[in-house]
Amino acid sequence: MNAKKQLMDGLINQNPVLVQLLGMCSTMAITTSIMNGLGMGVSVMIILTLSNIFISLLRKIIPGEVRIACYIVVIAGFVTCVDLLLQAFVPAIAESLGVFIPLIVVNCIILGRAEAFASKNTVGAAALDGIFQGLGYTIVLVILCFFRELLGSGTLAGIQIMPESYTPALMLVLPVGGFLSLGCLIAAMQWAMAKSAKKKEAK
């Protein structure tokens, strides 16, 4: 498996949020501050990578009839570990993310990569897939957080950035702001991919 292709798939071609449209609930719910986005993104990356490795190791042992249940058990174990570590070392982020950390257990990104990739590929390829897909997810969260927090609250990571005269666009930190921001980002990605495809066809 080509590592460069896996990287491009994770960041662009098969980006879990902008192309595969997975994990929409947590993406829109927690992207109101940079710290939330980083906390969720890194957590998903760690869980996805470890789950991919473990499932790839067991891919020839797990019976096909119960594979989804087995994947959920593996993912739940790693989610529990990450949740406890967050509560122990960064309780502020753990409290801010709330129920969305435990809900990673049923996150479509984790289950989707386990079924579509980790269960069919080697440990090395599965590990890279987890890292790159997690990185693509994290980058999208951070971009959304940047615009929603900056324009919606006038801050970044809780630090006042915009001048006092700035009137925050409060709509951006509300659920409707999440839908609009994500929609704009998906549209921009699709436009860029279509333009790139046309250039390749022209050659």
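Leu151 is found in helix α7, which covers residues 123–153. Helices (H or I, at least four residues) and strands (E, at least two) are DSSP runs, numbered from the N terminus. This is a predicted model in which local features need pLDDT of at least 70 and side-chain atom pairs count only at pLDDT 80 or more, while totals for chains, interfaces and linings use all residues. Residues are numbered from 1 along each chain as its sequence is written, and side-chain values use heavy atoms, with hydrogens and water left out.

The relative accessible area of Leu151 is 32%, so this residue is partly exposed; buried means under 20%, exposed over 50%, and partly exposed in between (1.4 Å probe, protein chains only). Together with Leu135, Ile139, Ile143, Phe146 and Phe147, Leu151 makes a nonpolar surface patch of about 450 Å². Such patches take residues with over 30% relative accessible area and no salt bridge, joining like charges within 9 Å and nonpolar side chains (Val, Leu, Ile, Met, Phe, Trp, Tyr) within 5 Å. A salt bridge is a side-chain nitrogen of Lys or Arg within 4 Å of a carboxyl oxygen of Asp or Glu. Accessible areas come from the Shrake-Rupley method with a 1.4 Å probe, and for residues only the protein chains shown count as cover.

## A buried loop residue

Ser33 sits in the loop between α2 (24–30) and α3 (34–57). Ser33 counts as buried because its relative accessibility is 17%. Leaving aside neighbours within four places in sequence, Ser33 is in contact (heavy atoms within 4.5 Å) with Cys145 and Glu149.
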